[in-house]
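Student: I am new to this structure, and I would like a close look at one part of it. Please pick a starting point and lead me from there into its surroundings.

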Amino acid sequence: MKLSRRDAIKLGLGTGAAMFLTRTAASAQESTYIMRTIPSSGERVPAVGMGTRQFSNPASELIPTLRETVRLFAAMGGKVVDTSPSYGRAEVLFGEMIHELGVRDDLFLATKISVRGENLGQEGIEQMRNSLARMHTETIDLMQVHNIRDFETQWRNVLEWKERGRVRYAGMTTSSVRQYDEFARLMETKALDIVQLDYSLGQRRAEERLLPIALDRGIGVLVNLPFGRGRLFRRVGNRPLPEWAHEIDCSSWGQVFLKFIISHPAITCPIPGTDKPEYVIDNLGAATGSLPDPALRKRMMEYYDSLPQA
C-alpha cells in the first residue's frame with residue numbers, strides 16, 4: 001500500500017489525515033495487503049474488513065463522515081463489509097452510500113437474517129428481499145443466519161437463494177459463548193461456507209473448539225467484536241506499545257489487537273466497527289506488514305492477561 005501524501009490528498013483527505021495515512025503506510029513498510037482465502041471457493045479478500053453497527057441510527061450531522069468512511073474504505077482497497085437488518089438504518093444508509101459512490105462491485109457484502117416475529121420463515125425471506133433492495137444489488141455475497149435463531153428454517157431459505165444465484169456464500173453467526181456448543185454442532189454437520197464469531201485477545205474461547213472445526217472442515221471465519229466492545233482499549237489504557245509491537249509493524253493498539261486475530265490460521269477476516277476515516281486507515285494498516293508467529297502470539301496473550309482488569 002504505497003501512498004504518498006499527494007496520493008492521500010487525491011483520496012480527498014485533509015492535510016492532517018493525509019499525514020497520518022502517510023505515516024501509517026510508511027510504518028507498514030509499504031507492504032501490500034495480507035490476503036485470506038475463502039476455503040469453499042478460493043476467492044481471496046483482504047485480511048481486515050469493516051462492520052456497520054455504528055450506522056444504525058446516526059445523527060444527521062454524522063452521515064457525511066460515515067459516507068467518507070465508506071468511500072475511503074473502498075478507495076483504499078477494503079472489501080469485506082458486514083451489516084444486518086437488525087442494525088436499525090444501517091442497511092438503508094450503507095446501501096444508499098455505496099450506490100451513490102458506485103462502489104458496490106468493489107465490495108464483498110455480508111448481511112444477515114435476524115428473525116423475531118411469528119411467521120419466521122416468511123419473515124426471513126422478506127428480510128433477504130429487503131436487503132437486496134436496500135443495498136441496490138441483485139446478489140448478496142454472504143447471507144448469514146444471525147445468532148443461529150430459527151436456524152433450520154432460515155438455513156433452508158439461504159440455501160435456496162444460493163441455488164438461485166441470489167446469494168454467493170451461506171453462513172451463520174454468534175457472539176455468545178452460550179451458543180458455542182450448538183454452533184459447533186452445526187459447523188460439524190452443515191455445508192457452511194463462512195461462519196462469524198466473537199474472538200479477540202481478551203476472549204479466546206473460540207480457539208478451544210470452533211476454530212479447529214473451521215480449519216478441519218474448510219470453513220471461512222469472520223470475526224466480530226475484535227476489540228471486545230472497547231474492553232481491550234480500556235484495559236491497555238494509555239500504556240505505550242510494547243517493543244514487540246514494532247516487530248510486527250504495529251503503530252497502534254488497534255493494529256495489535258487485529259494482528260493477533262488474523263495471525264490465527266483459521267481466520268479469514270475480522271470486521272471491526274468502523275465509523276470514521278481514521279479508523280479505516282488504522283484498521284487496514286493491520287492488514288499489512290508482518291504477523292506474530294506462535295511464540296509472539298503467546299507473549300501477546302501473556303502481556304494482555306497480566307494487565308489489571310479495566
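Tutor: Let's start at threonine 137, which is in contact with Arg104 and Leu132 when its neighbours within four places in sequence are left aside; contact means heavy atoms within 4.5 Å. Before we go on, a word on the model: it is a predicted one, where local features need pLDDT of at least 70 and side-chain atom pairs count only at pLDDT 80 or more, while totals for chains, interfaces and linings use all residues. Residues are numbered from 1 along each chain as its sequence is written, and side-chain values use heavy atoms, leaving out hydrogens and water.

Threonine 137 belongs to the loop between helix H5 (120–134) and S6. Helices (H or I, at least four residues) and strands (E, at least two) are DSSP runs, numbered from the N terminus. With a relative accessibility of 13%, threonine 137 counts as buried. Here buried means under 20% relative accessible area, exposed over 50%, and partly exposed in between (1.4 Å probe, protein chains only).

Follow the chain onward and you reach strand S6 (residues 140–145), which runs parallel to S5 and is joined to it by 4 bridges. Two strands count as paired if DSSP finds at least two bridges between them. Within this pairing, isoleucine 113 has valine 145 of S6 as its bridge partner. Strands of a sheet pair in general through backbone hydrogen bonds, either parallel or antiparallel.

How many residues of strand S5 (residues 108–113) are buried? The count is 6 of the 6, so S5 is largely enclosed by the rest of the structure. S5 also pairs in the parallel sense with strand S4 (residues 80–82), over 3 bridges. Here valine 81 stands opposite leucine 109 in S5. Between these two strands comes a helix: S4, helix H4 (residues 90–101) and S5 make a right-handed β-α-β unit. Right-handed means that, with the strands pointing away from the viewer, the path from the first strand over the helix to the second runs clockwise.

Now step back to see the whole sheet.

Asparagine 147 sits in the loop between S6 and H6 and is buried, with a relative accessible area of 18%. Not counting residues up to four places away in sequence, asparagine 147 touches Thr173, Thr174, Ser175 and Gln179.

Next comes helix H6 (residues 151–163), which holds both phenylalanine 151 and tryptophan 155, 4 residues apart, or about one turn of the helix. The structure holds 10 aromatic pairs. In one of them, the rings of phenylalanine 151 and tryptophan 155 have centres 5.4 Å apart and planes at 20 degrees, so the pair is stacked. (Rings of Phe, Tyr and Trp, the last by its six-membered ring, pair if their centres lie within 6.5 Å; planes under 30 degrees apart count as stacked, over 60 as edge-to-face and the rest as tilted.) Phenylalanine 151 is buried at 6% relative accessibility, and tryptophan 155 is buried too, at 4%.

Lysine 276 is partly exposed, with a relative accessible area of 30%. Its contacts, leaving aside neighbours within four places in sequence, are Thr65 and Thr69.

To place all this in the whole chain: there are 13 helices and 10 strands, and 55% of the 310 residues count as buried.
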